Amino acid sequence: MDMQILNLIQNIRNNILDQIMIFITHLGSAGITWIILTMILLIYPKTRKIGIILTIALLLDVLLCNILLKNLVARERPFSVNTSIELIINAPTDYSFPSGHTSASFAVVSVLYLVKHPLWKPSFILAVLIAFSRMYLYVHYPTDIIGGMICGMICGYLGLKIYQRYRTTKKPKML
């Protein structure tokens, strides 16, 4: 079913969408958009708390998605299975499941949603576009995207809970 969905998506490919999807996928490369957003939020005292939560969530995401799950599952990418599709981006060299682009995106979206920050809506739209671009570009299966969404949401939730736990922990009195 995964391959069928990917192949259906290939039917809408054209030069204009190719360029748009390449641009969108690069917004998610190495989590750069989300790291920049996090850094901006860390700078301002009013949004520093959210920046800290995002930092925790993104660090958890790297550990869970990129270091643990990708290597544990070790799933080949779709272009390695169906070599008839010509990639229009450089072939990723890591494993396919879960999608790191999607996972980082949804870690950020979930934090912004949980803290009721107004950026959650535009971030959600961008996250969905990034996730779709990964399938359009034939570097992830739909189940990689779903796995990335779930992984990211878990990391966003855990990032918030870790922050809350740290903030409510009583500090020992100095003698």
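1. How many residues does helix 6 have, and how far does it reach from its first C-alpha to its last? Helix 6 has 15 residues and reaches 21 Å. That is close to the 21 Å expected at 1.5 Å a residue. The expected span is 1.5 Å times one less than the number of residues in the helix. Helices here are DSSP runs of H or I with at least four residues, numbered from the N terminus.

2. A note on the basis. This is a predicted model, in which local features need pLDDT of at least 70, side-chain atom pairs count only at pLDDT 80 or more, and totals for chains, interfaces and linings use all residues. Residues are numbered from 1 along each chain as its sequence is written, and side-chain values use heavy atoms, with hydrogens and water left out.

3. Back to helix 6, which spans 100-114. Is helix 6 mostly covered or mostly open? Helix 6 is mostly covered, with 13 of its 15 residues buried. Buried means under 20% relative accessible area, exposed means over 50%, and partly exposed lies in between (1.4 Å probe, protein chains only). Just after helix 6 comes Lys-116, with a positive phi of about 60°.

4. Now the charged pairs. Side chains of opposite charge can pair when their charged atoms come close. A search of the whole structure finds five salt bridges. A salt bridge here is a side-chain nitrogen of Lys or Arg within 4 Å of a carboxyl oxygen of Asp or Glu.

5. Look at Arg-75. One of its salt bridges is with Asp-2, and the closest N and O atoms are 2.8 Å apart. Arg-75 lies in the loop between helix 4 (48-73) and helix 5 (78-81), and Asp-2 lies in helix 1 (residues 2-10), so the pair ties together parts that are 73 residues apart in sequence. Arg-75 is partly exposed, at 24% relative accessibility. Asp-2 is buried, at 15%.

6. Arg-75 also forms a salt bridge with Asp-144. Here too the closest N and O atoms are 2.8 Å apart. Asp-144 sits in helix 8 (residues 142-168), so this pair ties together parts that are 69 residues apart in sequence. Asp-144 is buried, with a relative accessible area of 0%. Which residues make up the network of salt bridges? Asp-2, Arg-75 and Asp-144 are linked in it.

7. Another salt bridge pairs Asp-94 with Lys-70, with the closest N and O atoms 3.7 Å apart. Asp-94 is in the loop between helix 5 and helix 6, and Lys-70 is in helix 4, so the pair ties together parts that are 24 residues apart in sequence. Asp-94 is partly exposed at 36% relative accessibility. Lys-70 is buried at 3%.

8. Next, helix packing. Two packed helices are described by the angle between their axes and the distance between the axes. Helix 2 (residues 15-28) and helix 7 (residues 120-136) pack at about 120°, with axes 8 Å apart. That makes helix 2 oblique to helix 7. Axes are lines fitted to C-alpha atoms, for helices over the stretch in contact, and angles run from 0 to 180 degrees between N-to-C directions. Angles under 35 degrees count as roughly parallel, over 145 as roughly antiparallel, 65 to 115 as roughly perpendicular, and the rest as oblique.

9. Which residues make this contact? On helix 2 they include Leu-17, Met-21 and Ile-24. On helix 7 they include Leu-126, Ile-130 and Phe-132. Contact means heavy atoms within 4.5 Å. His-26 also lies in helix 2 and is partly exposed at 46% relative accessibility. The C-alpha atoms of His-26 and Ile-130 are separated by 8.4 Å, though the residues are 104 apart along the chain.

10. Finally, check the backbone in the loops. A cis peptide bond joins Phe-97 and Pro-98, with omega about -10°. Pro-98 is in the loop between helix 5 and helix 6. Ala-30 is not a glycine, yet its phi is positive, about 55°. Ala-30 is in the loop between helix 2 and helix 3 (32-43). Tyr-138 is likewise a residue other than glycine, with a positive phi near 65°. Its place is in the loop between helix 7 and helix 8. Are these two residues buried or exposed? Ala-30 is exposed, at 74% relative accessible area, whereas Tyr-138 is buried, at 0%.

Terms used:
Helix = DSSP H or I, 4+ residues; strand = E, 2+ residues; numbered from the N terminus.
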